[in-house]
Amino acid sequence: MAFDEMSGDGGDVRESYRGLARWLADAPEGLLQARSRQAELFFRRMGVTFAVYGDAESSERLIPFDVVPRIIGATEWAGLEKGLIQRVSAINAFLADIYGAQECIKAGIVPAELILTNPQYAPEMQGRRPPRDIWVQIAGVDLVRTGEDGFYVLEDNCRTPSGVSYMLENREMMMRLFPDLFADYPVRPVETYADMLLASLRACAPEAAGADPTIVVLTPGPFNSAYYEHSFLADKLGVELVEGRDLFVDDGRVFMRTTEGRKQVDVVYRRIDDAFLDPLTFRPDSALGVPGLMTAYEAGTVTLANAVGTGVADDKAVYTYMPEIIRFFTGEEPILKNVPTWRCREPEALKHVLANLGDLVVKEVGGSGGYGMLVGPAASKTEIEAFRKKLINDPDDFIAQPTLALSTAPTLDKGELHGRHVDLRPFVLSSPEGVKVAPGGLTRVALKPGSLVVNSSQGGGTKDTWVLDV
Amino acid sequence: MLSRTADSLYWTGRYIERADFLARILEATIRLAAIPTRGDGDAETVWASALASAGAPKALGRSPTEKSVREYLAFAPDNASSITACITRARTNARSVRTALTVELWEAINGAWNGLAEQGQPTRRDDFGHFLEWVKTVTLSVEGAASRTMLRNDGYYFLRLGAAIERADNTARLLDVKYHLLLPEGERVGGQLDYFQWTTLLREVSALTAYRWVYRDSVKPWLVADLLVLNRQMPRSLASCQTSIVRYLERLASDYGRRGPAQRLAAERMRAFETSKIETIFQAGLHEYIQSFLAENGRLGQAITEQYLS
């Protein structure tokens with residue numbers, strides 16, 4: 001039995017859930033289902049959609065929303081917050097070091113070849129400092145839980161983490177659907193996220209930008225899967241949503257084309273991967289980027305959030321070294337644990353993984369979104385054998401982890417509540433003014449009974465995440 | 001405002017207006033084709049004239065038929081300016097600048113696009129007629145949503161500017177239909193058929209009643225032209241469209257604190273309207289007048305693009 005967010009190990013209802021349990025007991029039959037239908041209607045009308053690649057039939061799909069909140073008590077959260085701040089601070093220091101003096105390589109903390117030959121390592125950044133020396137302005141750290149104190153980091157998303165619009169929209173929806181629940185519960189507001197982000201991005205602007213820097217959100221365009229989120233964020237921040245063709249570089253500075261002529265841009269919150277940012281430096285076939293952007297970046301006239309080359313910190317192979325990295329840069333013991341991981345690049349580990357494929361989760365080092373992974377216990381014999389071949393051919397590309405008993409949370413399924421596995425992605429903002437965590441996050445839930453895959457591209461849903469004040 | 005945002009709004013305005021115009025052209029043509037005449041091949045001439053007014057005289061080769069023209073102007077995927085394509089493009093443009101639109105306007109445009117699938121591609125004449133009715137209704141609701149809910153700032157002005165430029169273009173082309181509609185042998189100017197052709201045009205811009213109110217006279221070609229070219233009371237006339245264009249351009253200039261080539265060009269053309277008389281226009285040739293108007297309108301569109309949209 002997995003740990004349940006509501007009933008723990010099967011005993012009494014946990015304290016943070018008691019109010020909800022009472023409310024559920026009093027709720028008239030069919031209320032949750034009715035509210036659930038209402039939520040779907042609202043979301044469809046507002047167009048809160050997510051494009052699913054390879055699904056021609058419905059290129060704009062709704063992510064299922066579960067109306068039962070995931071609740072985190074004040075003490076639990078305080079621990080998580082401390083751990084997240086520690087971890088993201090270490091990641092920023094690690095990136096500054098990797099692209100600077102490389103002390104952590106010299107000290108033997110991480111193998112040089114793992115960094116320098118990593119596809120996510122950006123040689124362009126070697127010896128450079130982004131404005132204010134902040135590398136990961138926005139991180140989305142994926143956490144899973146196996147017990148009362150058992151939080152593990154599954155992935156550090158340091159490139160262009162998405163999902164924050166769901167954190168905000170889900171809360172809107174819950175307040176609309178269940179106003180009386182909020183009257184009884186001291187839920188910390190997440191609505192401040194836009195202000196936090198804006199303040200954080202401002203503080204990261206180049207010094208020359210002055211007191212009122214111009215900020216933009218850079219999107220690949222309406223056909224990107226997360227376009228809704230990009231336009232949502234630009235709207236909440238009150239800044240322009242730009243595409244690559246709206247920007248140009250002149251004399252080492254970035255400008256946007258406006259109806260009143262050119263306007264200099266100081267901070268680009270970019271939702272485009274490194275490889276597509278600047279066709280002159282990276283992929284020449286990229287039509288999404290801005291020619292010359294890297295020249296301006298190197299001249300220090302513009303801030304990119306996140307910085308170029310941060311992918312080397314959330315790479316699945318580098319992940320395995322994160323506990324050592326945290327100790328090295330903070331001098332502290334890591335507060336949040338890593339999931340024990342076998343690096344298939346090491347022959348001993350590979351042997352173990354091949355012998356235990358049926359019990360393990362195997363992931364492609366560069367993969368994301370739940371694509372290209374094997375969940376041993378849920379896979380068929382044929383799938384396992386097919387994966388074994390891939391693994392033997394290219395062991396460097398894979399890591400393996402034990403199948404964690406992810407915690408479950410009560411979730412509505414055909415009118416009844418059942419425990420379904422969940423994870424949690426809190427959002428962490430870094431600026432010269434410090435590292436801050438938004439009091440909430442995105443809870444993803446695997447809607448199929450027993451399933452451990454929570455990715456929205458693989459049929460996962462979302463829940464509102466409540467962080468309690470007391 | 002981003003130039004691209006302005007550009008998308010401008011083209012949303014243009015495409016919605018064009019969809020409405022195409023529906024009107026098709027309705028007019030169906031009526032005209034229904035008039036019994038003596039000669040053979042007159043129906044083909046009528047449908048060819050519809051293509052010419054839509055700006056694609058050679059799109060279907062030498063002998064366009066009712067079926068091929070209807071299909072081409074309403075649904076053809078290879079015609080970038082079919083009704084279906086216009087609504088789709090308006091929606092694509094609107095979607096890329098959603099935050100610049102009000103919820104009501106977005107829902108009207110998105111609703112029109114969603115409706116395309118429900119409407120299908122009717123081939124029977126009466127079903128096709130219903131389709132054209134539907135197109136006029138949805139474009140009207142887009143227009144209404146814009147005028148009722150949008151803030152009066154640059155976004156609104158660009159949307160309206162696109163619609164006004166397009167509408168000027170369309171009125172001019174509609175008027176030119178008559179030029180392409182040669183009277184068959186035996187029919188005289190001012191005769192039954194000639195009369196019917198002019199009233200059909202008026203009806204298609206919802207101006208037949210307006211005509212009677214303004215002129216209190218039977219339908220006469222030069223008065224119809226006066227109504228559609230110079231009359232300021234008539235919202236579709238070239239002069240009215242020009243007044244709107246000047247108004248929106250001047251608001252932009254005052255909001256931005258700067259006038260440019262587009263404002264100067266528009267003002268220059270407005271002065272030309274103020275001194276025009278319909279008699280002079282007819283003497284020089286209505287068709288020639290319209291052709292030169294279309295060229296100037298194109299230049300103005302180009303000036304707007306260069307000044308604001310790129």
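Hi everyone. Let me start with a term we'll need: a crossing of two helices is called left-handed if the near helix is turned anticlockwise from the far one by less than a right angle. Keep that in mind as we look at this structure, which is a predicted model.

First stop, a pair of helices in chain B. H11(B) covers residues 238–256 and H12(B) covers residues 261–275. Their axes come within 9 Å and cross at roughly 150°. Angles over 145 degrees count as roughly antiparallel, so that is the word for H11(B) and H12(B). And the crossing? H11(B) passes H12(B) in a left-handed one.

Who makes the contact? From H11(B), the residues include B:Ile245, B:Val246 and B:Leu249. On the H12(B) side, look for B:Ala266, B:Met270 and B:Phe273, among others. Sorted by class, the residues of this contact are ten nonpolar, two polar and two charged.

Next, let's move to chain A and its strands. S20(A), residues 427–431, runs antiparallel to S21(A), residues 434–437, and four bridges join them. The link between the two strands is a hairpin of two residues.

Finally, how do the chains meet? Chain B brings twelve residues to the contact, and chain A brings 15. On the chain B side, the elements giving two or more residues are H1(B), 3–33, and H4(B), 83–96. H1(B) gives the most, with three residues. That side of chain B has five nonpolar, three polar and four charged residues.

How values were computed:
Residues numbered from 1 in each chain as written. Chains lettered and ligands numbered in written order. Predicted model: local features only at pLDDT ≥ 70, side-chain atom pairs only at ≥ 80, totals over all residues. Axes fitted to C-alpha atoms, helices over the stretch in contact; angles between N-to-C directions. Parallel < 35°, antiparallel > 145°, perpendicular 65-115°, else oblique. Contact = placed C-beta atoms within 7 Å. Nonpolar A, V, L, I, M, F, W, Y, C, P; charged D, E, K, R; others polar. Pairing = 2+ DSSP bridges.
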